[in-house]
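Please work through the exercises below with the sequence and the three-dimensional structure open beside you. Try each task before reading its solution.

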Amino acid sequence: MLIISKEVLGWYVIMEPSEIVEDDSAIGQMCTDVFGSGWGKFRIAHLATGDKIGVEIFEFLQNETPENNFEFWKTGIFHFCVQDPDIEGLAEKIVAHGGKQRMPIREYYPNEKSYKMVYCEDPFGNLIEIYTHSYELTYSGGAY
């Protein structure tokens with residue numbers, strides 16, 4: 001998928017594929033907040049389109065190749081992300097309108113950058129990730 005994204009679609013890599021493990025690091029805690037315990041490890045790459053839309057590609061150990069080419073009846077995209085410098089205010093609005101905040105607001109790079117993120121959920125169960133800074137700024141420093 002990474003080659004197709006870069007060479008065919010013209011996307012550019014913000015952060016090369018890196019392995020994330022279930023541990024007590026900032027990114028490890030964020031992932032446990034989202035996936036629950038027992039996820040183990042996965043690989044992730046961060047890309048952006050020409051018009052600055054961020055795309056994350058996940059590769060979990062449990063990934064399966066579908067038997068029927070494209071299993072349209074299964075969930076595919078599991079979240080989308082928006083940027084808002086008032087992350088606390090937006091999370092409160094989501095909760096006030098019937099959604100929920102799924103995790104504490106966390107810093108991506110504690111003691112390095114003030115970039116924060118949080119996962120919320122709308123009343124229909126759709127996950128909404130919120131960043132305080134742009135996708136490019138958040139991941140341009142490289143691996144976690």
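Predicted model: local features only at pLDDT ≥ 70, side-chain atom pairs only at ≥ 80, totals over all residues.

Residues are numbered from 1 along each chain as its sequence is written, and side-chain values use heavy atoms, with hydrogens and water left out.

## Exercise 1: The cavity

Task: Find how many cavities of 30 Å³ or more there are, and describe which residues line the largest cavity.

Solution. Begin with the term itself: on a 1 Å grid over the protein atoms alone, a cavity is a set of points where a 1.4 Å probe fits but cannot get out, and its lining residues have an atom within 4 Å of a point. Grid points are joined across faces, edges and corners, and the volume is the space filled by probe spheres set on the points. By this rule there is one cavity of 30 Å³ or more, and the volume of the largest cavity is about 140 Å³.

Next, look at the lining, which consists of 16 residues, with Ile27, Cys31, Phe58, Tyr108 and Tyr119 lying nearest the centre. Helices (H or I, at least four residues) and strands (E, at least two) are DSSP runs, numbered from the N terminus. At least two lining residues come from each of α2 (26-35), β2 (41-48), β3 and β7 (116-121), and α2 gives the largest share, five residues.

Finally, sort the lining by class, where Ala, Val, Leu, Ile, Met, Phe, Trp, Tyr, Cys and Pro count as nonpolar, Asp, Glu, Lys and Arg as charged, and the others, Gly among them, as polar. The lining then has 14 nonpolar residues, two charged residues and no polar ones.

## Exercise 2: Strand β7 and its partners

Task: Work out which strands pair with β7, and whether β7 is enclosed or open.

Solution. Two strands pair if DSSP finds at least two bridges between them. In the antiparallel sense, β5 pairs with β7 over two bridges, and Gln101 has Cys120 as its bridge partner in β7. Strand β6 (residues 106-107) also pairs with β7 in the antiparallel sense over two bridges, with Arg106 opposite Met117.

The pairing of β7 with β8 is antiparallel as well and runs over five bridges, and here Cys120 stands opposite Ile128. The hairpin of β7 and β8 has five residues between the strands, and Gly125 takes a positive phi near 95° in it.

For the last step, buried means under 20% relative accessible area, exposed over 50%, and partly exposed in between (1.4 Å probe, protein chains only). Five of the six residues of β7 are buried, so the strand is largely enclosed by the rest of the structure.

## Exercise 3: Helix α3

Task: Identify the buried residues of helix α3 and the strands against which they pack.

Solution. Helix α3 covers residues 87-96, and its buried residues are Ile87, Gly89, Ala91 and Ile94. These buried residues pack against β5 (100-101), β7 and β8 (127-131). Just after the helix, Gly98 takes a positive phi of about 95°.

## Exercise 4: Aromatic rings

Task: Count the aromatic pairs in the structure, then follow two of them to the elements that they tie together.

Solution. Rings of Phe, Tyr and Trp (its six-membered ring) pair if their centres lie within 6.5 Å; planes under 30 degrees apart count as stacked, over 60 as edge-to-face and the rest as tilted. The structure holds 14 such pairs. One of them joins Phe35 and Phe58 edge-to-face, at 6.5 Å centre to centre and 90° between the planes. Phe35 lies in helix α2 and Phe58 in strand β3, so this pair ties together parts 23 residues apart in sequence.

Tyr108 and Tyr139 form another edge-to-face pair, 5.5 Å centre to centre with 75° between the planes. Because Tyr108 lies in the loop between β6 and β7 and Tyr139 in helix α4, the pair ties together parts 31 residues apart in sequence. Tyr108 is buried at a relative accessible area of 7%, and Tyr139 is buried at 0%.

To finish, note that Phe35, Trp39, Phe42, Phe58 and Phe60 form one aromatic cluster.

Methods:
1 Å grid on protein atoms, 1.4 Å probe; cavity = no way out; pocket = protein on both sides within 12 Å on 5 of 7 lines; lining within 4 Å. Contact = heavy atoms within 4.5 Å.
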